[in-house]
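Colleague: I would like to learn how to read aromatic contacts in a model. Please start with the terms.

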Amino acid sequence: MTALTDILLPPDQTEGTTNTVGKWFKAVGDAVSANDPLLEITTDKVTVEIAAPHDGVLAEILKPEGEAVEPGEPVGRLRARHSALGARHSEAAAPAPPPPSAETRGPSAEDLSPAVRRLLKEWGIDPGTITGTGRGGRITVEDVEAVGPATVVASGSRMVPHSAMRKSIAAHLSQSMATAPHVTTIFEADLSAVLAHRAATDKTATFTAYFVQATVAALRAVPEVNSRWHDQALELFEDCNIGIGTALKDGGLIVPVIQRAETLNLVETAGRLADLTARARSGGLTPKDVQGGTFTISNHGVSGSLVATPIIINQPQSAILGIGKLEKRAVVVEGDRIVAKPKIYVTLTIDHRVLDGFQANAFLTKWVETIESSW
């Protein structure tokens with residue numbers, strides 16, 4: 001008997017709505033050493049490399065590129081090195097099969113993965129019309145997506161296949177809207193104190209660092225916002241693990257998490273933000289960087305938006321904060337004078353199963369109070 005080791009997707013190393021095999025770095029029959037990268041798994045958040053558990057030879061690929069995989073599920077099998085040597089000698093002694101002729105060349109149903117067969121059927125595509133780029137001419141999901149659905153499109157248009165990240169984001173947001181009744185409340189905040197503090201202290205803290213600090217104060221004042229709904233009870237979190245929605249240069253969105261933000265001062269928060277944002281945009285985040293969030297901030301104002309509603313809740317969280325564009329607005333002050341003030345609109349979108357308007361308004365009242373007077 002030849003001992004085979006399952007190559008598993010670690011149950012605690014990915015957090016996303018779906019996990020998809022992105023790319024195999026090794027082919028069946030390739031020798032590998034312990035901790036060599038074997039393949040990458042993509043989610044809507046990060047790309048994770050799966051390494052070889054020991055020396056050996058890749059014996060089987062159970063999940064081809066483009067196929068979904070569940071945490072804990074085997075994606076392939078590894079044969080121990082001593083067992084592989086005999087197999088490699090046997091393979092070398094066997095005559096190579098003749099190349100397929102023009103008449104016999106082409107994919108058969110047995111050559112297609114379940115994901116490819118499903119996509120071909122859904123899009124009405126004949127596999128014989130596709131040139132496979134996988135090992136041995138095998139058709140991959142990417143090959144099918146490159147062809148696109150067999151539908152008539154308007155003149156001058158083109159089909160752009162969805163990335164794995166975009167598909168996962170779509171599924172995650174659709175699930176959130178179907179699960180939670182969304183309600184949004186809107187306040188306005190004056191950033192005069194924040195601007196004065198930055199000017200006086202010459203700190204490099206971004207506005208988002210101040211927003212995180214104000215969010216911690218508001219979560220402490222209304223702890224039900226920092227929670228998760230269960231059918232039998234509401235789970236309240238002690239730690240304020242605050243996710244920051246970060247747009248990526250090539251499209252998509254990722255939410256790195258500032259763990260235990262309540263333990264950080266303004267300078268420490270700014271440093272943590274700078275590190276996470278830089279690594280998010282360079283593709284350097286690890287799975288732990290995007291896990292465990294209890295609340296999320298969407299700073300959509302950086303791209304010019306004044307108000308966005310509803311901002312879809314990052315399930316299974318109970319609420320999400322939206323920050324609009326900073327701009328000077330005319331404000332009536334004491335003596336009926338009109339002055340220009342640096343203002344933003346701030347929104348809290350809540351899961352109405354968990355929170356009522358009173359709690360949402362109490363949260364934003366504390367948030368605005370902190371932003372306007374705590375520096």
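Modeller: Buried means under 20% relative accessible area. This is a predicted model. Phenylalanine 363 has 0% relative accessibility, so this residue counts as buried.

Colleague: How many aromatic pairs does the structure hold?

Modeller: There are 3 aromatic pairs. A pair of aromatic rings is described by the distance of the centres and the angle of the planes. Planes over 60 degrees apart count as edge-to-face. The ring centres of tyrosine 210 and tryptophan 375 are 4.9 Å apart and the planes stand at 85°, so this pair is edge-to-face.

Colleague: Which parts of the chain does the pair of tyrosine 210 and tryptophan 375 link?

Modeller: Distant ones: tyrosine 210 belongs to helix α6 (residues 207-221), and tryptophan 375 to the segment after α8 (357-373), 165 residues apart. Tyrosine 210, at 0% relative accessibility, counts as buried, whereas tryptophan 375, at 28%, counts as partly exposed.

Colleague: Why is the pair of phenylalanine 295 and phenylalanine 363 called tilted?

Modeller: The planes of phenylalanine 295 and phenylalanine 363 are at 40°, with the ring centres 5.7 Å apart, so the pair is tilted. Phenylalanine 295 is in strand β15 (residues 295-298) and phenylalanine 363 in helix α8, so the pair ties together parts 68 residues apart in sequence. Phenylalanine 295 also counts as buried, at 0% relative accessibility.

Colleague: Where does the charged end of arginine 329 sit?

Modeller: Over the ring of tyrosine 345, at 3.9 Å from the centre of that ring. Arginine 198 lies over the face of phenylalanine 207, 4.7 Å from the ring centre.

Note on methods: Residues numbered from 1 in each chain as written. Predicted model: local features only at pLDDT ≥ 70, side-chain atom pairs only at ≥ 80, totals over all residues. Heavy atoms only, no water. Phe/Tyr/Trp six-rings, centres within 6.5 Å; stacked < 30°, edge-to-face > 60°. Helix = DSSP H or I, 4+ residues; strand = E, 2+ residues; numbered from the N terminus. Buried < 20%, exposed > 50% of the residue type's maximum accessible area, 1.4 Å probe, protein only. Lys NZ or Arg CZ within 6 Å of the ring centre and 35° of its normal.
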